[in-house]
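This report looks at one protein model, beginning with a single residue and widening to the whole chain.

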Amino acid sequence: MRAALLALLLLALQLASALRRPVRMAARPVSVQQVRALDDDITSAFVQGFWGEGLTEGQLKQLNRDVLSDLTNRYVSRDGDDGRSTLLMLRKGGQPVAFAGVEVVPSLRQYLGLSRYEYDEIVGGLLGEAPGTLFTDPPREAAVLSNLVVLPTQRRRGHANHLMRCAEQVVRKWGKEDVYLSVDAANDKALKLYGSRGYKEICGRMGNALKATDTTVITSKVSELCLRKTLSPVAALAEAPPSLLYNLRNLV
């Protein structure tokens, strides 16, 4: 009798321990691909990632229209044009959850918003050029990373870091050694992420941003920081798993 009670007690303890363990759900597959064409699901996910919930119907309509136009002009209509631009999308379980755009801009100086004197001093110093060398230089192209966005419900899961690795691999395939980006100077979380990936501040500038007010959407000026990273082929191979390298060979 005592042995039977002990067996029942042990079984009850094992059952209680099992119930306390977190249930492990099967991870939904994650994939990165180029956006060849835009649809409502993609633009809606992009808008939700940047502006979140709580928008009015009019705001959603305006933002979806503006996003569709901007992404089409900057990425989709130029996609495949000898490696000039592409929009990467991360899908999880078949649903779009994160985006990152990469493009080659024709003038680094104009992108940074610098005068010729500032450009010669700041960028020339970074490149180790003698003073005055870049003052009359022809426009220098630059690879730019932008529109990095993750849905609010999918943040803090490594998606932004994963997309940045993919974007940097694309830039390398285009034969560019440096990648630039601009970020809201008040966005501490983004600055921390970029800093962890080796991006360094080079200058500040004033940029434009769409902001949702109580009833509409306006374009406002935002203080931004411009960051730069010199890509290392050795580091790229060290951090990119074989599956990622395989996917990128078929991606671009």
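N147 is found in strand 4, which covers residues 142-150; helices (H or I, at least four residues) and strands (E, at least two) are DSSP runs, numbered from the N terminus. The model is predicted, so local features need pLDDT of at least 70 and side-chain atom pairs count only at pLDDT 80 or more, whereas totals for chains, interfaces and linings use all residues. Residues are numbered from 1 along each chain as its sequence is written, and side-chain values use heavy atoms, with hydrogens and water left out.

With a relative accessibility of 16%, N147 counts as buried, a class that means under 20% relative accessible area, against over 50% for exposed and the range in between for partly exposed (1.4 Å probe, protein chains only). Its side chain makes a polar contact with the side chain of Y75 at 3.0 Å; such a contact is a pair of N or O atoms within 3.5 Å, and within protein one must be able to donate a hydrogen and the other to accept it, while residues adjacent in sequence count only if both atoms are side-chain atoms. Not counting residues up to four places away in sequence, N147 touches F46, F50, D70, L71, R74, Y75, F99, A100 and G101, where contact means heavy atoms within 4.5 Å.

## Aromatic rings

Across the whole structure there are four aromatic pairs, defined for rings of Phe, Tyr and Trp (its six-membered ring) by centres within 6.5 Å, with planes under 30 degrees apart counted as stacked, over 60 as edge-to-face and the rest as tilted. The ring centres of F50 and W51 are 5.5 Å apart and the planes meet at 45 degrees, so this pair is tilted. Both residues are partly exposed, F50 at 39% relative accessible area and W51 at 22%. Ring pairs link F46, F50, W51 and F99 into a cluster.

## Nonpolar cores

The largest nonpolar core has 47 residues, and those with the most contacts inside it are F99, L145, L163, L181, Y194 and Y199; a core is a set of buried Ala, Val, Leu, Ile, Met, Phe, Trp, Tyr and Cys residues joined through side-chain atoms within 4.5 Å. Helix 6 (residues 159-173) gives this core its largest share, seven residues. Apart from this core lies another, of 14 residues, including Y119, L134, Y180 and C226.

## The chain as a whole

The protein chain contains nine helices and seven strands, and of its 252 residues 40% count as buried.
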